[in-house]
Amino acid sequence: MSDAHDHGEGDDAHDHGEGDDAHDHGHHHHDADTVSIALVTVSSSRSLDDDPSGEYLVSAFEEAGHEIAVRELVPDEYDSVQGAVDRLARRKDTDAVVTTGGTGVTPDDVTPEAVKGLFAKTLPGFGELFRRLSYEEVGTRTIGSRAIAGVVSATPVFCLPGSENAVRLGADEVILLEIEHLVGLAGRGVEEDGDTEGDDGETADTE
């Protein structure tokens with residue numbers, strides 16, 4: 001995996017081994033081999049039996065060799081979304097959380113607001129890249145997407161839109177290409193320092 005895109009965002013370029021820019025192994029040796037994912041569908045109108053976006057994520061991650069640790073559906077409510085993401089990010093059997101739904105601009109789209117408050121770190125590049133790629137498919141309509149990502153309790157969290165096309169784009173073109181790397185970095189040192197259960201996510205920030 002090339003790490004050319006990891007350099008130039010600032011922190012990542014110098015956090016991982018000064019002087020090792022010519023050594024891809026040095027930059028990626030913390031990468032996770034497989035990732036256990038908590039999947040959350042945010043919707044007040046769908047069920048898990050009628051969730052094509054969620055089904056696609058399940059198949060995409062499993063085909064890539066990862067596993068779905070838990071899959072849930074929560075309504076478009078601030079407290080429900082925030083509580084689910086916070087709880088799932090703290091589970092010992094969860095390496096990453098992916099949500100689908102609630103990132104638009106209607107009054108009941110509250111996923112970004114609910115999740116942002118949990119972030120110990122934000123990953124602005126995720127939303128920026130998703131919208132750049134989305135522009136190639138839907139043009140300026142992409143400005144209505146508020147897809148975001150960040151780290152909660154040393155666990156990467158990705159918030160995707162609810163449409164199946166958007167989920168395919170976000171999973172195939174962004175998340176699946178980087179999730180092993182981000183999981184490895186976000187959890188680096190946590191096992192040595194203690195598990196993430198019960199902390200507020202800040203221990204992973206004190207490197």
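The protein has eight helices and six strands. This is a predicted model. Along the sequence, the elements follow the pattern α-α-β-α-β-α-β-α-β-α-β-β-α-α. Helix 7 packs against helix 3, and the axes of helix 6 and helix 7 come within 10 Å.

**The whole chain**

- The protein has 207 residues, and buried residues make up 47% of them.
- Take the contacts between residues at least 6 apart in sequence: 74% of these join residues at least 24 apart.

**Helix 3 and helix 7**

- Two packed helices are described by the angle between their axes and the distance between the axes.
- Helix 3 covers residues 52–63, and it packs with helix 7 at an angle of about 25 degrees. The two axes are 10 Å apart.
- Angles under 35 degrees count as roughly parallel, so helix 3 is roughly parallel to helix 7.
- The crossing of helix 3 and helix 7 is right-handed.
- On the helix 3 side, the residues in contact are Pro52, Ser53, Tyr56, Leu57, Ala60 and Phe61. They meet Glu164, Val167, Arg168, Ala171, Asp172, Ile175, Leu176 and Ile179 in helix 7.
- Sorted by class, this contact of helix 3 with helix 7 has ten nonpolar residues, one polar residue and three charged residues.

**Helix 6 and helix 7**

- Helix 6 spans residues 124–138, and helix 7 spans residues 164–186.
- Their axes come within 10 Å and cross at roughly 120 degrees.
- That angle makes helix 6 oblique to helix 7.
- Helix 6 and helix 7 have a right-handed crossing.
- Helix 6 brings Phe126, Leu129, Phe130, Leu133, Ser134 and Glu137 to the contact. Helix 7 brings Ala166, Leu169, Gly170, Glu173, Val174 and Ile175.
- By class, the contact of helix 6 with helix 7 has eight nonpolar, two polar and two charged residues.

**Valine 174, a residue of helix 7**

- Valine 174 is found in helix 7. Is valine 174 buried or exposed? Its relative accessible area is 8%. Buried means under 20%, so valine 174 is buried.
- Leaving aside neighbours within four places in sequence, valine 174 is in contact with Phe126, Leu129, Leu133 and Leu169.
- Valine 174 and phenylalanine 130 are 44 residues apart in sequence. In space, they are 7.3 Å apart, C-alpha to C-alpha.

**Glutamate 72, a residue of strand 2**

- Strand 2 runs over residues 67–74 and holds glutamate 72.
- Glutamate 72 is buried, with a relative accessible area of 17%.
- Which side chain makes a polar contact with the side chain of glutamate 72? The partner is arginine 87, at 2.9 Å.
- Not counting residues up to four places away in sequence, glutamate 72 touches Leu39, Val40, Thr41, Leu48, Ala84, Arg87 and Leu88.

**Valine 110, a residue of a loop**

- Valine 110 sits in the loop between strand 3 (96–100) and helix 5 (111–116).
- Valine 110 is buried, with a relative accessible area of 17%.
- Where neighbours within four places in sequence are left aside, valine 110 is in contact with Asp76, Glu77, Tyr78 and Gly102.
- Glutamine 82 lies 28 residues from valine 110 in sequence. Their C-alpha atoms are 9.5 Å apart in space.

Terms used
Residues are numbered from 1 along each chain as its sequence is written. This is a predicted model: local features need pLDDT of at least 70, side-chain atom pairs count only at pLDDT 80 or more; totals for chains, interfaces and linings use all residues. Side-chain values use heavy atoms; hydrogens and water are left out. Helices (H or I, at least four residues) and strands (E, at least two) are DSSP runs, numbered from the N terminus. Buried means under 20% relative accessible area, exposed over 50%, partly exposed in between (1.4 Å probe, protein chains only). A polar contact is a pair of N or O atoms within 3.5 Å; within protein, one must be able to donate a hydrogen and the other to accept it, and residues adjacent in sequence count only if both atoms are side-chain atoms. Contact means heavy atoms within 4.5 Å. Axes are lines fitted to C-alpha atoms, for helices over the stretch in contact, and angles run from 0 to 180 degrees between N-to-C directions. Angles under 35 degrees count as roughly parallel, over 145 as roughly antiparallel, 65 to 115 as roughly perpendicular and the rest as oblique. A crossing is left-handed if the near helix is turned anticlockwise from the far one by less than a right angle, and right-handed if clockwise. Ala, Val, Leu, Ile, Met, Phe, Trp, Tyr, Cys and Pro count as nonpolar, Asp, Glu, Lys and Arg as charged, and the others, Gly among them, as polar.
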